[in-house]
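Below are my notes on the model, as numbered points. Please read them with the structure open.

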Amino acid sequence: MEEFYINSDGIRLHAKLDKAPGVEKGPLCILIHGFTGHMEEDHIIAAQKAMNEAGVAVLRAEMYGHGGSDGEFKDHTLYKWVTNAISVVNYAKALDFVTDLYLCGHSQGGLLTMLIGGMFPDTFKAILPLSPAWMIPDAAREGSLLGMSFDPEHIPDTLENWGVVLSGDYVRVAQTIHPEDEIERYKGPVLIVHGDADETVLISYAEKAVKLYKNAKLVTIPGADHCFTKHLDEMAAAIKSFFRP
Ligand code: FER
């Protein structure tokens with residue numbers, strides 16, 4: 001494992017690279033956590049290990065205001081995450097040992113994966129949104145985030161719930177994002193993995209996304225919650241068999 005920082009317009013992004021044992025040159029997957037998450041969460045590690053076992057190097061990166069990266073959580077927005085992810089993609093593209101590039105993210109990182117897929121339509125061999133929280137922009141427009149209601153045309157300075165404080169700017173940014181456009185722009189293979197007991201992001205969003213993509217597969221994990229608690233092996237197996245059918 002190598003640990004380092006990736007520069008994203010002056011913001012230091014904490015990153016770890018785990019190469020697959022015995023693979024000199026080969027595929028690499030960028031792996032991004034979700035909202036309030038970080039790179040050492042059980043489901044992120046499970047995904048990383050599954051990829052490594054399938055011969056895929058993994059570059060875990062933490063986005064603005066999360067984990068060991070610069071920035072305060074309360075100041076993060078999806079635009080900042082998009083800027084960060086673009087920096088990570090360009091970093092990974094320049095690595096000389098990488099053959100094929102993949103992108104994977106969980107929840108808000110899954111939404112990010114969908115957006116970046118559309119922005120780099122010819123860069124990835126496939127993208128893997130896990131429990132993607134792609135309802136966030138619609139929810140921001142409807143005035144319903146963090147399990148609370150607000151007036152979407154009079155956005156409060158802060159939203160506070162679930163033990164976290166979000167800025168109104170997070171909401172302003174989210175309201176402008178239309179994931180359907182980026183779904184449409186990306187024509188490559190997509191693997192969505194989602195638990196049917198996920199109460200944070202309903203499985204219906206995965207079912208909708210898989211229909212909108214031109215080439216997507218959904219693996220539903222029965223009984224699994226948002227972070228695949230107690231179902232990590234099934235989530236990992238879905239990823240592993242996607243890379244090594
Ligand atoms: C929300 C529901 C889910 C929300 C964020 C999420 C900001 C993201 C969850 C995750 O990334 O795990 O209302 O509001």
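Which residues does His66 touch, not counting residues up to four places away in sequence? Point 2 takes this up.

1. Basis. This is a predicted model, in which local features need pLDDT of at least 70 and side-chain atom pairs count only at pLDDT 80 or more, while totals for chains, interfaces and linings use all residues. Residues are numbered from 1 along each chain as its sequence is written, and side-chain values use heavy atoms, with hydrogens and water left out.

2. His66. With neighbours up to four places away in sequence set aside, His66 touches His33, Gly34, Phe35, Thr36, Gly37, Phe73, His76 and Trp81 (contact means heavy atoms within 4.5 Å). His66 belongs to the loop between β4 (57-61) and α2 (78-93); helices (H or I, at least four residues) and strands (E, at least two) are DSSP runs, numbered from the N terminus. Its relative accessible area is 3%, so His66 is buried (under 20%, with exposed over 50% and partly exposed in between; 1.4 Å probe, protein chains only). The His66 side chain comes to 2.9 Å from the backbone oxygen of Tyr64.

3. Ser107. This residue is in the loop between β5 (98-106) and α3 (108-119). Ser107 counts as buried because its relative accessibility is 7%. Beyond neighbours within four places in sequence, Ser107 is in contact with Gly34, Leu130, Ser131, Pro132, Ala133, Val201 and His226.

4. A polar side-chain atom of Ser107 is 2.7 Å from a ligand oxygen atom. For Gln108, a polar backbone atom is 2.9 Å from an oxygen atom of the ligand. A backbone N or O atom of Leu146 also lies 2.9 Å from an oxygen atom of the ligand. Taken alone, the ligand exposes 370 Å², and the protein buries 92% of that (Shrake-Rupley method, 1.4 Å probe).

5. Ile116. Where does Ile116 lie? Ile116 is part of helix α3 and counts as buried, because its relative accessibility is 0%. Its contacts, leaving aside neighbours within four places in sequence, are Val82, Ala85, Ile86, Val89, Leu103 and Phe124.

Technical notes
A polar contact is a pair of N or O atoms within 3.5 Å; within protein, one must be able to donate a hydrogen and the other to accept it, and residues adjacent in sequence count only if both atoms are side-chain atoms.
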